[in-house]
Amino acid sequence: MSAEDWQLLWFTGRMAALSTCLVLPVGLALAWSLARARWRGKALVEALVSLPLVLPPVVTGLVLLKLFGRRGPLGHWLYQHLGWEVVFTWKAVVLALAVMSLPLFVWAARASLQEVNPLFEQLARTLGAGEWRVLFTITLPLARRGIIAGTMLAFARALGEFGATIMVAGNIPGQTTTLPVAIYYSVELGKDSRAWMLAGLSATLAFLAIWAAQRLLRRPKR
Amino acid sequence: MNHGLRASFVKRFDDAVVIEICGLALGPDPEITVLFGPSGCGKTTVLRCLAGLERPDEGTILFGEEVWFASAGRRPLPPQRRKVGFVPQDYALFPHLSVERNIGYGLYGLPAGERRGRVAEAMRWLGLEGLEGRRPGALSGGQQQRAALARALVVRPRLLLLDEPLCALDAPARLRVRNQLRRMLRRLSIPTLLVTHDRADALALGDTLWVMNQGKLLQHGLAHDVFSRPANLEVAGIVAIETVQPGRVLKTAGGLATVAVGAATLTALPLDLETAADEVYVCIRAEEVILVKGPSVPSSARNCLAGTVCSLAREGPMVRVGLDCGFPLAALLTPQACEEMFLHQGDAVSALIKAPHIHLIPRPD
Amino acid sequence: MPILLLVLGGGPGGGGGEQAGKGRATVIVFAAASLTDCLKEIAGGYEKRTGDRVVLNLAASSTLAVQVRAGARADLFFSADEAGMQALEDGGLIVKGTRRSRLSNSLAIIVAAEGGAEVNSPQDLAGPRIKRVALGDPQAVPAGVYAREYLRRLKLWSALEPKVVPMESVRAALAAVESGNVDAGIVYKTDAAVSRKVRIACEAPREDGPRISYPVALLADAPQPEAARRFLEHLGSEQAEAVFRKFGFIVLAGPVP
């Protein structure tokens, strides 16, 4: 592995970590409201959140491209008010990774939030704990196994994301090229041995992340 | 002017079950009130409504000057602000926190030193020393109960709500813990509402008692009184008076009523009968029946009934004797008494019952 | 399996025209993306006249070369640079003597037609208002390789390299400029001509630019070598050359070594 390859790995890891940091609060909020609250339109939101799981990733990429492109509604607003360029920058990488890994996190976190006995939360309230305190000291700790597993799943998914990333961030070496994108382009250029080496790396990382997540999800409670 | 808790509310459920509470009152005196009724009659829901964990559909819940719930008013006062100690049926100790942190959970705003001090004090008081670092899963049933109680008490609540505090304990622990609980509650001086379906618990722990059935409050009074003198047949069934027989009042004279029950005649005090009712139910607690074997002696009991022993059955630590005295009568004896009297099925005995121990309920046609 | 081949092998016939006794052949042509529009027109005319079918696989020449080397079925390879063709020839994948280079092109710097940045010379690309420039991937796509060479000649490559957004084909670079997600792009002049959403900011004159050459050859493993040769001939005909010129390609006189 060359210095360039280490750079690639480091960059991919950083982007996946950033995207997971983005997914956590958004995903927790979604998971919590889907698990607990009862509100109209819940089914619609559920379906929307699951969409990136089932849609071809390039479709998701296309949608993101249209929304965040310079002329797109969100892209234009971001450029006007914050001077941010999204498409073809690392921000687009983080965006693509986050959108594609969000459903996995929400799925795992929601399941484990639903299992938390509401009586504990109610009891905490009778002891004077405000809603935020109940969330952070009771609900989330009791659901931590699923939340951690969800985080690992999301991270693993982000490490391996390709279809949406290539559409919305392209392949700019050093700026937006992630591990999966580099593998694809190595094949395109006919650099098979490099492609295999990077593929092996990618597979190892994915395996480690999934294995850790499975261990967390499967361990019996008592 | 603190009048304590005053609650009258209605809560409806989807499957047409309705809980209608009228005139539930607690405090301000620090007495222990038992809410007694069969499983599923809504007792837990009442507690949860008082704690603020469930919201009634109509009515009011007031505590002193505070409006905790009013259907016409603004939003109900959230549980955080009611300062009520709530101990649910299986204690619900937070499984991810140690005993010490469980107990200290409600003391969030206090400086660490004071918090530790109060937790230690509560643990000492409840005999939980040495268990600070343990997880709730590693505690025995009795210890869990005391820890849950400590958690509720350490915040110095104004009201204590206990849901079946002894239900999760097995028989040997139950007796011991019940006595402990009684001593503790008496020392606490906090108005307490305790829910149970167990007669022994209710009698042992409660000062006053509310009988509840199918979502409604039926009778209120001193525990012992309610058990001995149910207001109507429904209550009689719930408090499980052993002998309930239909009878007819023959005459009332000199403060005594003569009642025909089956083939026998009884003398009772017509205290609880408001109107001169002819048709009545006669209620006699089995504990209040004295058995005599052999020739009858003059006694102060107004009722001396000749009868035969029909059945003998162990009921926990006692023996229930079924008699035929012209009507089916149940008596509760100690096993020692049965042995000393050489009681067997078919024996002829006399049953002595004092007039005040015969309770009359009007019987509608 | 054999039944499947039978069903697939008895393929649909082309529109119109019969070849007595010969049946209809399908010629598979792997061609550079920049040839999209002109080849479609040439192929359409050819199909009508002869009854053979022409199937076009259009992508960056580098991508196509990889596919051929991996064993993809194709009759003709029409590349946008000599390097790709040479690699195949070195690998023995070309039928000797069929290689011919008669076509050339020139580069153009393009910007979006509406609201595109002000670019009057290549040097303007190095300015602060141009943040991103789309090229075919300079590592492999011929258009990108040519563009890099051109910029190197102008000594602009080091200034522009950080702004480059490599795209997987010259048409992808064109699309990027159309969408407005990049500020400018370098494509073939012929590509700029077919799009109404871009305009040519300035052209690279042929003398200053790199030598662009479009070789075409018959592949050794061609499934339909006869039909392929016929189409290859046709590509060199007057009619075909007229179409190439119409789209802005430069037709070279005589064979180019």
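Trainee: What's the handedness where helix 1 of chain A passes helix 5 of chain A?

Mentor: The crossing is right-handed. Keep in mind that this is a predicted model.

Trainee: And which residue classes are in that contact between helix 1 and helix 5 of chain A?

Mentor: There are 22 nonpolar residues, four polar and one charged.

Trainee: At what angle do helix 1 and helix 5 of chain A pack, and how far apart are their axes?

Mentor: The angle is about 40°, and the axes are 6 Å apart. Helix 1 covers residues 3-35 of chain A, and helix 5 covers residues 90-114.

Trainee: Switching to the interface: how many residues of chain A are in contact with chain C?

Mentor: Eleven from chain A, against 14 from chain C. On the chain A side they divide into four nonpolar, four polar and three charged.

Trainee: Now chain B. How many helices and strands does that have?

Mentor: Chain B has nine helices and 20 strands. Its C-alpha trace spans about 75 × 50 × 40 Å along the principal axes.

Trainee: What share of chain B is buried?

Mentor: 41% of its 365 residues.

Trainee: And what part of the chain B contacts with a separation of 6 or more comes from residues 24 or more positions apart?

Mentor: Those account for 67% of them.

How values were computed. Residues are numbered from 1 along each chain as its sequence is written. Chains are lettered from A and ligands numbered from 1 in the order in which they are written. This is a predicted model: local features need pLDDT of at least 70, side-chain atom pairs count only at pLDDT 80 or more; totals for chains, interfaces and linings use all residues. Axes are lines fitted to C-alpha atoms, for helices over the stretch in contact, and angles run from 0 to 180 degrees between N-to-C directions. Helices (H or I, at least four residues) and strands (E, at least two) are DSSP runs, numbered from the N terminus. A crossing is left-handed if the near helix is turned anticlockwise from the far one by less than a right angle, and right-handed if clockwise. Ala, Val, Leu, Ile, Met, Phe, Trp, Tyr, Cys and Pro count as nonpolar, Asp, Glu, Lys and Arg as charged, and the others, Gly among them, as polar. Two residues are in contact if their C-beta atoms, placed from the backbone, lie within 7 Å. A residue is buried if 20 or more other C-beta atoms lie within 10 Å of its own, exposed if 12 or fewer, and partly exposed in between; C-beta atoms are placed from the backbone.
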